[in-house]
Amino acid sequence: MAPLPTEFDVIVIGSGSGSKITRPAANLGNKVAIIEKGPLGGTCLNRGCIPSKMLIHPADVINEIEHAKTYDITVPNVNDVTIDKAKLVNYVTTYVDGESASIDPMYEKHPNITHIKKECAFVDDHTLRIRNKEGVNSDDDALITGKKIFVVAGARPIIPKIPGLEGTPYMTSTEVLRCEKTYKRVIIIGGGYIATELGYYLGKTGSQVTFLVRSGFVKNEDIQVQEEFTKIFTQMFDCHFKVSFNKVEYNNEIFKVYVTENGEEKVYEGEGLFVATGVTPNTDVLEVKNANIELDSRGYIKVDDYLRTNVPHIWSWGDIIGRNLFRHSANFEGEYAFRTVFEEAPKGIEIKPIDYPPVPHAIFTNPQIGGVGLTEQQAKAKGIDYVIGLCPYKNSAMGDALRSKDGFVKLIFERTSRKLIGAHIIGVEASNMIHMCIAFLQFGATVDDMLRTIYIHPALPELVRNAARRALPNF
Ligand SMILES: Cc1cc2nc3c(=O)[nH]c(=O)nc-3n(C[C@H](O)[C@H](O)[C@H](O)COP(=O)(O)OP(=O)(O)OC[C@H]3O[C@@H](n4cnc5c(N)ncnc54)[C@H](O)[C@@H]3O)c2cc1C
Ligand SMILES: NC(=O)c1ccc[n+]([C@@H]2O[C@H](COP(=O)([O-])OP(=O)(O)OC[C@H]3O[C@@H](n4cnc5c(N)ncnc54)[C@H](O)[C@@H]3O)[C@@H](O)[C@H]2O)c1
């Protein structure tokens with residue numbers, strides 16, 4: 001490898017939403033270093049959003065086939081429907097690896113970009129060491145300096161300290177997404193985004209899954225969404241709640257998970273164990289303390305309303321600041337950082353603090369969940385006088401056509417202004433349906449605005465109108 005240039009105008013650490021700076025800043029003539037220890041594209045492309053959704057869709061197809069009898073369609077031997085998992089995983093892996101590899105030449109060919117394919121760590125607030133070996137600092141590590149540094153190094157799965165777990169071949173999401181094997185039984189620890197999405201995928205593609213959940217499923221959702229989700233998921237899969245974990249054993253290719261459940265000691269067995277208990281920021285590996293970058297109590301980087309750290313020439317966003325752990329919010333932040341630092345500041349334009357529109361989310365299970373704005377419990381905690389409108393899927397023309405038994409649209413309005421303050425959807429196409437509510441919320445729509453809108457008949461969004469109608473008598 002040719003010796004690295006040592007001085008840069010801009011250093012970007014992390015190639016996920018860090019991509020919002022790398023090429024745009026280089027196109028302006030800045031000498032940019034992008035430091036990425038893994039494949040280009042970050043978590044979303046390589047081990048997150050993209051591969052997970054590509055695997056979940058075939059699981060949805062299997063689910064549809066299993067429910068064919070609802071429409072009097074006979075599928076011979078419905079219990080024998082199988083999937084070539086190795087082929088599917090191979091297809092998805094090839095796709096994401098190809099997409100990632102396609103970013104490489106864009107960086108390699110750019111005259112102003114130096115792509116450093118190694119792990120880095122701070123030496124001081126302008127200097128980074130480029131490690132020859134991951135996790136180890138050595139005297140022959142190269143050092144580079146940057147005038148402006150953007151820390152967009154994300155987060156990684158956190159592993160709980162359960163006695164016996166360390167050293168066993170458990171899987172995190174990273175391994176599940178590339179696992180070609182179908183384990184007969186998989187035990188899943190966790191009940192959040194990753195456990196439910198990938199647990200659904202595993203459960204529909206040939207494994208018997210057992211969810212062991214510390215508290216309950218999808219705890220950040222509106223309380224009624226949590227209840228509906230739990231009702232549906234427990235009909236589909238073996239689910240256990242209020243579980244505490246005592247120890248894990250792995251012998252003869254079988255995991256045994258020892259737990260206490262409702263005061264009773266129990267043991268669950270499986271050939272696979274999937275741990276999905278949240279993430280931890282990559283600030284430790286980066287040795288951000290050497291740059292005196294302030295962290296919060298959980299180890300996430302503290303930034304102000306301009307995404308600046310306490311060090312004036314260092315900015316940060318995305319998972320590593322722990323605000324919203326989504327690719328869409330990280331992209332929004334990255335675009336703000338580029339605009340303010342490289343476009344507005346040099347022109348002397350007064351920089352405004354980042355103004356987040358409502359940050360929506362979706363969970364791509366079956367049923368899907370889509371949400372934006374306040375949950376009912378948040379509205380209550382804030383002392384807001386609110387009005388609810390709720391319409392089950394089955395009370396709509398398209399819901400009937402789909403033979404929906406479950407799911408609903410729930411809208412929350414502020415009583416005096418009549419404005420929408422929260423929308424929560426659980427059911428078919430919830431991740432798409434929520435978008436009209438995102439727009440209504442962002443543009444300050446009232447219940448009356450929502451009812452002055454013409455909805456296509458008989459499309460699913462009529463459910464949103466029906467929920468708004470049902471709110472009216474409650475004002
Ligand atoms: C299984 C799964 C499914 C998901 N599904 C969704 C979804 O459907 N929708 C959604 O919005 N979000 C989803 N997410 C979350 C989403 O992937 C993240 O919020 C998003 O990718 C964060 O982007 P980022 O730019 O902050 O960090 P990342 O994309 O994680 O980028 C950080 C990069 O920094 C690199 N890095 C870290 N430390 C160093 C170092 N010391 N030296 C060099 N390089 C370093 C890492 O290799 C990484 O590539 C999912 C996550 C997972 C795990
Ligand atoms: N569709 C999406 O947008 C999507 C999909 C996947 C992941 N993500 C993002 O990735 C992040 C990480 O996802 P996740 O599912 O790992 O986190 P999460 O916070 O959603 O869920 C973590 C789960 O693990 C449990 N848990 C935590 N500590 C535990 C412990 N010590 N023992 C047992 N259980 C424990 C929690 O109770 C919870 O059920 C999410 O915050 C989310 O923003 C988003």
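Good morning. In this predicted model, a backbone N or O atom of Leu325 lies 2.7 Å from an oxygen atom of ligand 2; a polar contact is here a pair of N or O atoms within 3.5 Å. Taken alone, ligand 2 exposes 850 Å², of which the protein buries 76%, with accessible areas from the Shrake-Rupley method and a 1.4 Å probe.

Two further contacts deserve mention. A polar backbone atom of Gly278 is 2.9 Å from an oxygen atom of ligand 2, and a polar side-chain atom of Glu197 lies 2.8 Å from a nitrogen atom of the ligand.

Which residues are the closest to ligand 2? They are Gly191, Ile194, Glu197, Leu325 and Ala362, in a shell of 19 residues, each with a heavy atom within 4 Å of the ligand. By class, 11 are nonpolar, 5 polar and 3 charged; Gly counts as polar, and Asp, Glu, Lys and Arg as charged.

Helix H6, residues 193-204, gives the most to this shell, with 3 residues; helices are DSSP runs (H or I) of at least four residues. The axes of H6 and helix H7, residues 223-236, come within 12 Å and cross at roughly 25°, on a scale from 0 to 180 degrees between N-to-C directions. The two helices are therefore roughly parallel to each other, the term for angles under 35 degrees.

As to conventions, local features need pLDDT of at least 70 and side-chain atom pairs 80 or more, while totals for chains, interfaces and linings use all residues. Residues are numbered from 1 along each chain, chains are lettered from A and ligands numbered from 1 in the order written, and side-chain values use heavy atoms, without hydrogens and water.

Definitions and conventions: Polar contact = N/O pair within 3.5 Å; in protein donor to acceptor, adjacent residues only side chain to side chain. Parallel < 35°, antiparallel > 145°, perpendicular 65-115°, else oblique.
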